[in-house]
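Please have the display open while I talk.

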Amino acid sequence: MDTSSPSAFVNGSLMRRYIGQKVRTVIQVVGSDVGSVVGKSTDDLQIIVKGSPPTTTTPSTYLEVIGIAENENSIRAEVWTNFGNSFDPVNYNELCKLANGEFKHLFI
Amino acid sequence: MGEILTAGAIEMIRNETVNSHEDMKPVMQLTELKLFTAQQEPSKERIRVLLSDGTAFIQGMLGITLNHLVKDGVLQAGSILRLDHFVCSEIQKKKIVVIAQLEVIATKSDIIGDHVRPPRKAEHGGDYGNKSNTSNTETGTSHVGQQRQQQVFGSGSNSSLPPSVTRSYSNPSAGLVRDPPPTTYPLHRQQPPPPPMYQNRGPVARNEAPPVIIPINALNPYSGRWTIKARVTSKGDLRRYNNQRGDGKVFSFDLLDADGGEIRVACFNAAADQFFDRIVVGNLYLFSRGNLRPAQKKFNHLPNDYEITLDTASTIQQCYEEDAAIPKNLYNFRSIGDIESMETNSIIDVIGVVSSISPTGTIMKKTGTETQKRSLQLKDMSGRSVEVTMWGSFCNTEGQRLQSLCDSGGFPVLAVKAGRISEFNGKAVSTIGSSQLFVEPDLVEARKLKEWFEREGRSAPCISISREFSGNGRVDVRKTISQIKDEKLGTSEKPDWITVNATIIYMKVDNFCYTACPIMNGDRPCNKKVTDNGDGTWRCEKCDKCVDECDYRYILQLQLQDHTGLTWVTAFQEAGEEIMGMTAKDLYYVKHEHNDEEKFEDIIRKVAFSKYIFKLKVKEETYGDEPTVKATVVKVDKVNYSSDTRMILGAIDKLRTEGSSYGAEAGNSGIGTSGTRDPSFGLPANQSDQYGNQSSNGGRPHGGGGATSCDVCGNTGHVSANCPNTRSENQGQYMGGGSYRGSGSYGGGVPRQHAGSY
């Protein structure tokens, strides 16, 4: 497994800690434009993902994006993964909170 | 002199025309005084009075500031006063005049008026000894101390008497001579003839006017001397008890009067002896001189705030003439359909047709004693049926009677009084100590039920509310595998039911199923192992029969593992099918009949490392001499990651709140820990191991897991699977159980970020 460039688990509000760094997050697609996808983060903030998604993104699917956080609400995506329609955002949100808080030492 | 009093004032007070001094300041005569101490304010004395307006009486209370008037003798029996400041309040449905301010118009006066209308319920039986009256005779003062005065407040009977008699109201000898004037009996209901025993007393005699009967519902602790006429509806056994104050015995019985009032009566010790034999259910009695106290709602389910205690001074007099006005029993039947929505543990009456009844069984109570239990199904017009359970002696008395009625093809009507609603798999009704069962009662409702049953009830479908929800009896108790050993699950009397989230590591391939007996035993197949007769038939020992075709049932021995530990479990048919994805018979055929080894191996391999939620029954069993804890799979479910994650999140939270000390982690039963972590602290710092990693124990953070530390040797920097001490043994040993050290070691591979405790 390539651990050369680890990405931190973030949700909408945690992105600002990693500006310029590689992050990963899951968003629920709200809409898409040419060259970007607008989504809702697991803590209900708006995130803009720049880049081109692999398939046409239908609203309400969950996508995981890994990329560089450009500012506190946008990511320049490198890797996209479709997580499907059934995804529990609450759990993911809790994971992000734990991964950046108390258990940070367990992650990168 | 009669004009002085405000005639009709009391009538107006009663019908609420007059409620306070703002409406009117009536002039009344004080006819009786009584000093008492309120329970709530023991230091304060209050004076109760009886006021008259010339025709009627009403009870009143003097404000504390007025007490001195009585003490100084300014206010006494016979005084005429004007109510300058008062209010009327209603207590226990009686009007009481609470006087804050008054003006004494005349201190002494003869009793005025011709009291035709008898005072209402509670105005008699007062302890109206006049304490402050200096003209008290000795006997008068001796009465005051007594609880229950024998002096009947001569309600109404005062009117036509010469004043001198009433003045010497406290003179008991006068009372003897006087015959109660017949016209002035307060007649609420039938008047029983004055019982002779009341009239022949000695010189210290009390004023023995005939008892005034009041309704049970009017009883309250402030009623002075009262008498009730009631029928005994139920009688309890004589019980012996032992408490801090010593031994005692008690029995109680319930009463019902003509107004439908009910009250429980208890008799202790000497009174119990005295009265126990005299009380017979169904008889009418007159009771007086009892004590009233608040009812113990826990045991007393009658609709009365009070209960009576009789002592040796109380009197019970049987009424030999029947009184049709007083029913034998009062019921408040609820329909079975209502029971569904009623609260568990509430007490109800119910009536229905017995559709079936089972024989008596014996149950062992928690206390170790045995008791009888018998259940039946009761149906009624609501289209519902309920299970009624009777306990103890009911089983053999009413229970037996019902059984014989049912056996002979009948469907008797059963009325239950004071049954308790219980809940287990729906609602049911059980008998309690004070319950009563009536078989084929002579009631309107019983007749109606019988008619309904004949018409349609017999064949009408009835939904049972008693076993409708055969719900989840057991709450899902989530455990980790290591907890089975740690918490010694299964070793107590009853088996433990737990749920684990685990992966199947290994499955024993030989004997994954057995040949089972297919013969139906009731509604379940026998399933015992059948032996091969050799000629193609199979013999079942239990059924003692031979069959040509046997069933194949799974008996899978599986090894389960989760992040904390390993265990062996056995899965039977239903769970087996879920895990294997095919029936035991099919799998058997694949292996043995078709001899398709490859396919068989394929199937087996798929099973390995599949993760499920297992519901296990854990119980310690003794094989020969050794007791071993065995686990059986009761149910297999696919893992729902979402809910599982939530559970883990909850557990993390719990961990957090329990504090971050290492002790808390280790002791946390919610998640389970790998047991052997302690050594890590004992080791010297700066251990360097095979991997060349310098690690210092001092640097190991406290709380919430930390750097990877090995369970086996306690060093940090690696985990047990990679531990230099055990590595050589562990590697490559996946299947076949065997030499796993400690609990919590991983099966293999490089575990990432192994947090010592979750």
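Predicted model: local features only at pLDDT ≥ 70, side-chain atom pairs only at ≥ 80, totals over all residues.

Residues are numbered from 1 along each chain as its sequence is written, chains are lettered from A and ligands numbered from 1 in the order in which they are written, and side-chain values use heavy atoms, with hydrogens and water left out.

Let me start with chain A. Chain A has 1 helix and 6 strands, and from the N terminus on these elements run β-β-β-β-β-β-α; helices here are DSSP runs of H or I with at least four residues, strands are runs of E with at least two, and both are numbered from the N terminus. Of the 108 residues in chain A, 43% are buried, where buried means under 20% relative accessible area, exposed means over 50%, and partly exposed is in between, with a 1.4 Å probe and protein chains only. The accessible surface of the chain comes to about 5600 Å², and 53% of that surface belongs to carbon and sulfur atoms; these areas come from the Shrake-Rupley method with a 1.4 Å probe, and for residues only the protein chains shown count as cover. If we take the contacts in chain A with a separation of 6 or more, 55% of them are between residues 24 or more positions apart, a contact being heavy atoms within 4.5 Å.

Which residues form the aromatic cluster in chain A? They are A:Phe9, A:Tyr62, A:Phe83, A:Phe87, A:Tyr92 and A:Phe107. The rings of Phe, Tyr and Trp (for Trp the six-membered ring) pair if their centres lie within 6.5 Å, and planes under 30 degrees apart count as stacked, over 60 as edge-to-face and the rest as tilted. A:Phe9 also has A:Arg24 over its face, at 5.2 Å from the ring centre; for this, NZ of Lys or CZ of Arg must be within 6 Å of the ring centre and within 35 degrees of the ring normal.

One more residue in this chain deserves a look, namely A:Ser60, in the loop between strand S4 (46–50) and strand S5 (62–71). Most residues other than glycine have a negative phi. The phi of A:Ser60, however, is positive, near 85°, and this residue is partly exposed, with a relative accessible area of 37%.

Turning to the aromatic pairs, the structure holds 20 of them over all chains. In one of these, the ring centres of B:Tyr331 and B:Phe333 are 4.7 Å apart and their planes are at 10°, so the pair is stacked. B:Phe333 is buried, at 17% relative accessible area. Elsewhere in chain B, B:Lys508 lies over the face of B:Trp568, at 4.9 Å from the ring centre.

Now to two helices of chain B. In helix H9 (residues 398–407), the buried residues are B:Glu398, B:Gly399, B:Leu402, B:Gln403 and B:Cys406. Seen down the axis of H9(B), they fall within an arc of 135°, so they line one face of the helix; the arc is that of the directions from the helix axis to the C-beta atoms. These buried residues pack against S15, S17, S18, helix H8 (393–396), strand S19 (413–423) and S20 of chain B, and just after the helix B:Gly409 takes a positive phi of about 95°.

In helix H12 (residues 573–580), B:Gln573, B:Ala575, B:Gly576, B:Ile579 and B:Met580 are buried. Their arc, seen down the axis of H12(B), is 160°, so these residues also line one face of their helix. B:Gly581 follows H12(B), with a positive phi near 85°.

Is B:Asp254 buried or exposed? At 7% relative accessibility, B:Asp254 counts as buried. Its side chain is joined to that of B:Arg264 by a polar contact of 2.8 Å, meaning a pair of N or O atoms within 3.5 Å, where within protein one must be able to donate a hydrogen and the other to accept it, and residues adjacent in sequence count only if both atoms are side-chain atoms.
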